Amino acid sequence: MFKKTLTALAIAAAALSAQAQDALKVAATAVPHAEILNFVKPQLKAQGVDLQVREFSDYIQPNAAVEDKQLDANFFQHQPYLDSYNKDRKSSLVAVPNGKVHVEPFGAYSKKIKNVKDLKDGALVAIPNDPSNAGRALLLLQKQGLIELKDPKNITATPLDIAKNPKKLKFRELEAALLPRALGDVDLALINTNYAIEAKLNPTKDALFIEGADSPYTNIVAARADRANDPVIQKLMKALHTPETKKFIQDKYKGAVVPAF
């Protein structure tokens, strides 16, 4: 009887322990965001947080799922993209307090040339088709002296905002996730680092030119305004900002992803 009582108590304790875990559902793109989240998962489990990572391959659904309250937060985007998404979709997602995690320096890749100086007149250049990343690509091209924008600081510029195009470059705007696949069909493609890494491109070695670590496009954790200060989300941010997480990012991505904390 005594043994049965102990067994019953152990089962009850396990059930209570499981119930005590706070579930936190976070949307992320696979690389590097989901990898970083999975790295901190054991640390959060020890603090009573059951981190559940949901992977997405695009930039629309992770925000839609949080807005619709299917998920609690997401980790995949930078503030300019979030601002553009909120404006276009009439949503009101916010970066959580201390929400900055890392920078993914944006780069230009090619299978046809080895040096940007070899880019021919009339070359076809692929860039992301969402406003913030299109602007980011054009700003990077401007920094290389390839184009000049009407407003040199316009982070949401489109090809229509180009004032000078001495090489008469042609632009193809594609969904960000499709850019690596287009490399063989264009002369140059400007690709978000998460998609470059997924395509087995090494940003620090394969990019013809790339943003510096001072890029303003820091990746953030975002949530609905009513959840932004949630204690469970703040536990996530503390876990993402530990020296161990910084070392993980530095060791795993070797400069392709740069900690911003």
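**A buried asparagine, a helix pair and backbone geometry**

In the predicted model, N74 is found in strand 3, which spans residues 73-78. N74 has a relative accessible area of 0% and is therefore buried, the cut-off being under 20%. The side chain of N74 reaches the backbone oxygen of P62 at a distance of 3.2 Å. When neighbours within four places in sequence are left aside, the residues in contact with N74 are V26, A27, P62, N63, V66, L93, I220, V221 and A222.

Two packed helices are described by the angle between their axes and the distance between the axes. For helix 2 (residues 30-46) and helix 8 (residues 231-240), the axes come within 9 Å and cross at roughly 110°. Helix 2 is therefore roughly perpendicular to helix 8, and the crossing of the two is right-handed. Helix 2 contributes I36, L37, V40, Q43 and L44 to the contact, while helix 8 contributes K235, L236, A239 and L240. By class, 7 of the residues in this contact are nonpolar, 1 is polar and 1 is charged.

Helix 2 also contains P32. The peptide bond leading from V31 to P32 is cis, with omega near 0°.

Positive phi values occur in two residues other than glycine, K168 and K254. For K168, phi is near 55°; this residue is placed in the loop between strand 8 (162-164) and strand 9 (170-174). K168 is exposed, because its relative accessibility of 62% is over 50%. For K254, phi is near 50°, and the residue lies in the loop between helix 9 (243-253) and strand 13 (258-259). K254 is likewise exposed, with a relative accessible area of 64%.

Technical notes
Residues are numbered from 1 along each chain as its sequence is written. This is a predicted model: local features need pLDDT of at least 70, side-chain atom pairs count only at pLDDT 80 or more; totals for chains, interfaces and linings use all residues. Side-chain values use heavy atoms; hydrogens and water are left out. Axes are lines fitted to C-alpha atoms, for helices over the stretch in contact, and angles run from 0 to 180 degrees between N-to-C directions. Helices (H or I, at least four residues) and strands (E, at least two) are DSSP runs, numbered from the N terminus. Angles under 35 degrees count as roughly parallel, over 145 as roughly antiparallel, 65 to 115 as roughly perpendicular and the rest as oblique. A crossing is left-handed if the near helix is turned anticlockwise from the far one by less than a right angle, and right-handed if clockwise. Contact means heavy atoms within 4.5 Å. Ala, Val, Leu, Ile, Met, Phe, Trp, Tyr, Cys and Pro count as nonpolar, Asp, Glu, Lys and Arg as charged, and the others, Gly among them, as polar. Buried means under 20% relative accessible area, exposed over 50%, partly exposed in between (1.4 Å probe, protein chains only). A polar contact is a pair of N or O atoms within 3.5 Å; within protein, one must be able to donate a hydrogen and the other to accept it, and residues adjacent in sequence count only if both atoms are side-chain atoms.
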